[in-house]
Amino acid sequence: LVEETTQVVPIGWWVLERACHQLATWQRLFPLNPPLAMSVNVSGKLFFTDDMAKRLAVLLEDCNIPRGSLRLEITERVVMYREDLVLSALSDLRDIGVELHIDDFGTGYSSLSYLQRFKYDSLKIDRSFVSTMSEKIDSSAIVEAIIKLGSTLGMKVIAEGVETQEQLNRLRAMKCPEAQGFLFSEPLHHDAVGDFIQADASV
């Protein structure tokens with residue numbers, strides 16, 4: 001409902017501001033190398049505003065967040081809806097060190113020509129393919145194809161919705177570089193994230 005109103009833009013900026021301030025706090029508490037990074041799902045309508053990159057650059061500077069620490073996630077549909085504006089925004093975002101991840105890759109209007117034009121930083125394999133790898137041969141084939149495609153084009157690939165050790169083992173066998181899902185952790189309140197990061201860093 002919010003996407004259909006003008007409120008999605010101010011709400012989107014509120015989310016980004018909260019996310020950046022929280023990321024800065026975690027980076028101070030856990031000074032890792034490379035620094036902790038955060039991915040934020042954003043509405044495509046944020047990309048259709050002229051001052052997005054400039055405003056975001058100010059926010060990153062105010063929070064003292066290093067380059068490469070913030071990743072924005074959008075869907076393929078956004079790219080194809082207003083490709084000229086997204087392409088311009090992507091260039092501006094790269095200039096300030098912000099990455100762009102394509103969420104739910106493979107479920108929208110996948111186009112190899114768009115991969116060439118936009119050169120996204122990461123492709124996120126949709127959970128619908130990951131969850132059915134053991135049941136459907138075509139799902140495994142699609143996951144493996146996306147992993148190889150990303151590697152060939154120099155893009156990172158992240159598998160979404162990993163919930164079982166079997167799924168993780170299959171992804172490792174396919175040399176998938178990154179994964180996310182309930183197998184690693186369910187959603188946490190920000191107060192509990194510190195303990196989670198501390199435990200992970202001490203392993």
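Helices (H or I, at least four residues) and strands (E, at least two) are DSSP runs here, numbered from the N terminus. The model is predicted, so local features need pLDDT of at least 70 and side-chain atom pairs count only at pLDDT 80 or more, while totals for chains, interfaces and linings use all residues. Residues are numbered from 1 along each chain as its sequence is written, and side-chain values use heavy atoms, with hydrogens and water left out.

**View 1. Helix H9 gives the largest share of the lining of the largest pocket, six residues.** A pocket, on a 1 Å grid over the protein atoms alone, is an open set of points where a 1.4 Å probe fits, with protein on both sides within 12 Å along at least five of seven lines; lining residues have an atom within 4 Å of a point. This one holds about 1,700 Å³ of space, where volume is the space filled by probe spheres set on the points, and points are joined across faces, edges and corners. Of its 41 lining residues, Ala37, Met38, Ser39, Gln180 and Phe196 sit closest to the centre. Helix H1 (8-29), strand E1 (38-41), E2, E3, strand E6 (178-179) and helix H9 (190-201) are the elements that each put two or more residues into the lining.

**View 2. Six strands line up as an open parallel sheet.** Reading across, the order is E1-E2-E3-E4-E5-E6. E1 and E6 are the edge strands, each pairing on one side only. Two strands count as paired if DSSP finds at least two bridges between them.

**View 3. Strand E3 (residues 99-105) is mostly covered.** Five bridges tie E3 to strand E2 (residues 70-75), and the two run parallel; here Arg71 stands opposite Glu99. Three bridges link E3 to strand E4 (residues 122-125), again parallel. Over in E4, Ser122 is the bridge partner of His101, and Leu123 is that of Ile102.

**View 4. Asp121 sits in the loop between helix H5 (112-118) and E4.** Its side chain reaches the backbone nitrogen of Leu100 at 2.8 Å. Setting aside neighbours within four places in sequence, Asp121 is in contact (heavy atoms within 4.5 Å) with Arg94, Val98, Glu99, Leu100, His101, Met155 and Lys156.

**View 5. Cys20 and Cys63 are in no disulfide.** A disulfide is a pair of cysteine sulfur atoms within 2.5 Å, and by that rule the count comes to zero. For Cys20, the nearest cysteine sulfur is that of Cys63, 5.4 Å away. Cys20 is buried, with a relative accessible area of 0%, and Cys63 also counts as buried, at 7%.

**View 6. Gln167 is found in helix H8 (residues 165-173).** Buried or exposed, what is Gln167? Gln167 is buried, with a relative accessible area of 11%. Apart from neighbours within four places in sequence, its contacts are Val130, Ser131, Met133, Gly161 and Val162. Val8 is 159 residues from Gln167 in sequence and 35 Å from it in space, C-alpha to C-alpha.

Key
Buried means under 20% relative accessible area, exposed over 50%, partly exposed in between (1.4 Å probe, protein chains only). A polar contact is a pair of N or O atoms within 3.5 Å; within protein, one must be able to donate a hydrogen and the other to accept it, and residues adjacent in sequence count only if both atoms are side-chain atoms.
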